[in-house]
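Subject: Structure for you to look at

Hi there,

I am passing on the structure we talked about, with some notes to read alongside it. Have a look first, then see how the notes compare with your own view.

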Amino acid sequence: MPTNVLITGAGSGMGQATALLLAGSGYRVFAGMRGSGEALMTEARGRGLDNIVPVRLDVQDTDSIRAAVARMMAEAGSIDVLVNNAGFGLLATVEDGTDDEIFRQFDVNVLGLIRMTREVLPHMREAGGGVIINISSFLGRMGLPLLAHYNASKYAVEGITDSLRLEVGPFGIRVHSILAGLFGTNFVRRGLVANPETTSDFSPYRALVAHLVPIVAKAINEGPSPEPIARAVKDIIENEDSDIAVMVGQEAEQFVPLRRSLDDKAFEARIIETFGLPPARAERGEGG
């Protein structure tokens, strides 16, 4: 069984839950995070875990990634599992999103994942195997208004997962994604960035924002523990026959199969009905 695991974004939420569960199961976990990791390490000590190693890691910084990987190789000798968990969500309409916001959304969620994977792959390839697990979202298979940039980044993660599997499978490296639903994490407080124009009282989208944002925020703030994500990670590591994309959480289990079974128009109609969204207005004809 693989023993050495590197997790990005391990300081809170899904990453922290995964680090604690794997460490409690006997894995040696290198917990990558930008901060001190005080909350994670306090919880680890409370559980009597001494096999979590906090590592400074910023997926936007190639030097940081290289240093973290080098440290893990020096201390552990191998990287058996990489969990690409770091990410955040941008709340913005396509009309309002700025260049800086768009770039950061993709720099963290997509380019950060690529940088991290690129640095780890030579070690896995030389070792003759490994497991890469990309924490994705049910929103990598469907769209929601105000989250187009986040949606696009998670669609990209799904595309990377599918292509990478074909590249590295011959080297004994497995690649999977977890299509996560909405869980009770710090995502709204720490992982969601809102564009001020979109959330302005003067925005033409203000009615949509007022309706949809509370629904999403409530689902996250009052959602279930992210423990099922951690268990899914552990199962993928230990089960060579795991699905390529594993659905975890109510939203994923509801909408991903539905997306497969309905045509585009029928699925869009179901999303509008489910979330109470305003339907598209017909274009005005000539002279209208």
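Which residue in S3 is the bridge partner of Phe30? The partner is Val53. Please keep in mind that this is a predicted model.

Strand S2 (residues 28–33) runs parallel to S3, and five bridges join the two. The sheet as a whole is open and has seven strands, in the order S3-S2-S1-S4-S6-S7-S9, with parallel pairing. Its edges are formed by S3 (52–56) and S9 (245–248); each has a single partner strand, so one side of each has no neighbour in the sheet. From one strand to the next, the twist averages 20°.

Two helices on the sheet are worth a look. Helix H5 (residues 148–168) lies across strand S6 (130–137), strand S7 (173–180) and S9, and runs at about 160° to S7. Helix H8 (residues 227–238) also packs on the sheet, where it touches strand S4 (81–84), S6, S7 and S9. The direction of H8 makes about 160° with that of S7.

Next, the helix pairs. H4 and H5 have axes that come within 9 Å and cross at roughly 15°. An angle under 35 degrees counts as roughly parallel, and H4 and H5 are therefore roughly parallel to each other. Their crossing is right-handed. On the H4 side the contact includes Ile102, Phe106, Val110, Leu113 and Leu121, while the residues of H5 that meet H4 include Tyr150, Ala156, Val157, Ile160 and Leu164. By class, this contact has 13 nonpolar residues, five polar and one charged.

H4 (residues 99–127) also has H3 (residues 62–76) beside it: the two axes come within 10 Å and cross at roughly 30°. H3 and H4 are therefore roughly parallel to each other too, and H3 passes H4 in a right-handed crossing. From H3, the residues Thr62, Ile65, Arg66, Val69 and Met73 take part. They meet Arg115, Met116, Arg118, Glu119, Val120 and His123 in H4. The contact of H3 with H4 divides into five nonpolar, two polar and four charged residues.

Happy to hear what you make of it.

Best wishes

How values were computed. Residues numbered from 1 in each chain as written. Predicted model: local features only at pLDDT ≥ 70, side-chain atom pairs only at ≥ 80, totals over all residues. Heavy atoms only, no water. Pairing = 2+ DSSP bridges. Helix = DSSP H or I, 4+ residues; strand = E, 2+ residues; numbered from the N terminus. Axes fitted to C-alpha atoms, helices over the stretch in contact; angles between N-to-C directions. Contact = heavy atoms within 4.5 Å. Parallel < 35°, antiparallel > 145°, perpendicular 65-115°, else oblique. Left-handed = near helix turned anticlockwise from the far one by under 90°. Nonpolar A, V, L, I, M, F, W, Y, C, P; charged D, E, K, R; others polar.
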